[in-house]
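Welcome, and please load the model in your viewer. We will go from one selection to the next and see what is there.

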Amino acid sequence: NIPEASRQARGKAIVNLLEMQGNEIVTAFVPVRNFDNAHYLIMSTKKGTAKKTGLMAYSNPRKNGIVAITLEKDDELINVELTDGNQQIILATKNGNAVRFEEENVRPTGRSAHGVRGISLKENDEVIGMVVASDDKTLLSVTENGYGKRTPISEYRLINRGGSGVINIQCSERNGNVVAICSLSDNDDVIFISKNGIIIRVPASDISVIGRNTQGVRIMKLEENDKVVSAIRVEQNNNSN
């Protein structure tokens, strides 16, 4: 139902595909081939909540949607991942912190549940991304001013959910805040998108692998008043537009 179009095309308004309410916006999407009892959706929110619900609970949505998570006041859904219930999760914040914990520490709850604390946030901080962690991959951290770096996921020690985590990347005046994270292998590419609609595609292997407590390097040159807003992993053998 989603039309294919060129890179320059404006696309089709989401309200023409989904019956959305008021000021509601899409914050995450997950491709699902089959609904079963062996998989889960794990969610993260801006205020650090993590929530896990069996995939089958979402198998019969109504035309105008169903409740996926009950949010606290001023909270927002940040990301959703499909898992088998036995993965490890990394949550990262805009001020450059990250926490890694076992998914099994987030007990499954119903669709309308609030969830549990995934990370403790310091003042003026918020969650900007969540990935499934694997020691054979690197974590890409991207800042709003076009800087970033990859760090081996093995450098992020496993702790209990709800902790404040460790430094993920230094958010200096040069870097600005963190806007996105991705779990990458050397065979992946990354697409970076700016708020002014500029897009570049870079091989993951071209991005430096360095330690957690570093500033990173320039990965996208920006025009004045432009900022990076998103980074997306794509497979190198993906031939789609």
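Leaving aside its neighbours within four places in sequence, which residues is aspartate 188 in contact with? Select aspartate 188 in this predicted model and show what surrounds it: Ser183, Pro203, Ala204, Arg233, Val234, Glu235 and Gln236 are its contacts beyond those neighbours. Aspartate 188 sits in strand β12. Its relative accessibility is 6%, so it counts as buried, the cut-off being under 20%.

**The whole protein**

Now zoom out and colour by secondary structure. Along its principal axes, the C-alpha trace spans about 45 × 45 × 35 Å. For 241 residues, a compact globule would have a radius of gyration near 18 Å, and the protein agrees, with 18 Å. Of those 241 residues, 38% are buried. If you draw the contacts between residues at least 6 apart in sequence, 74% of them join residues at least 24 apart.

The accessible area comes to about 13,800 Å², and carbon and sulfur atoms account for 44% of it. Colour by charge and you will have 30 positive and 29 negative side chains, with the centres of the two sets 3 Å apart.

**The largest nonpolar core**

Hide the surface again and go inside. In soluble globular proteins, nonpolar side chains tend to be buried together. Here the largest nonpolar core has 14 residues; select Leu140, Val142, Leu184, Val190, Phe192, Ile207 and Ala231, which touch the most other members. Two or more residues come from each of β8 (138-143), β11 (178-184), β12 (188-194) and β15 (228-235). β11 gives the most, with 3 residues.

Keep valine 142 selected and look around it. Setting aside neighbours within four places in sequence, valine 142 contacts Tyr147, Gly148, Asn177, Val178, Val179, Ala180, Phe192, Ile219, Val228 and Ala231. Then pick out a second, separate core of 13 residues, which includes Ile90, Ala133, Val166 and Val178.

**A loop to finish**

For the last stop, select glutamate 72. You will find it in the loop between β2 (49-54) and β3 (77-83). Is glutamate 72 buried, exposed or partly exposed? Its relative accessibility is 48%, so glutamate 72 counts as partly exposed.

How values were computed: Residues numbered from 1 in each chain as written. Predicted model: local features only at pLDDT ≥ 70, side-chain atom pairs only at ≥ 80, totals over all residues. Heavy atoms only, no water. Core = buried A, V, L, I, M, F, W, Y, C linked by side-chain atoms within 4.5 Å. Buried < 20%, exposed > 50% of the residue type's maximum accessible area, 1.4 Å probe, protein only. Helix = DSSP H or I, 4+ residues; strand = E, 2+ residues; numbered from the N terminus. Contact = heavy atoms within 4.5 Å. Rg over C-alpha atoms; globule rule 2.2 N^0.38 Å. Areas by Shrake-Rupley, 256 points an atom, 1.4 Å probe, with all protein chains shown as cover. Lys, Arg positive; Asp, Glu negative; His and termini not counted. Charge placed at Lys NZ, Arg CZ, Asp CG, Glu CD.
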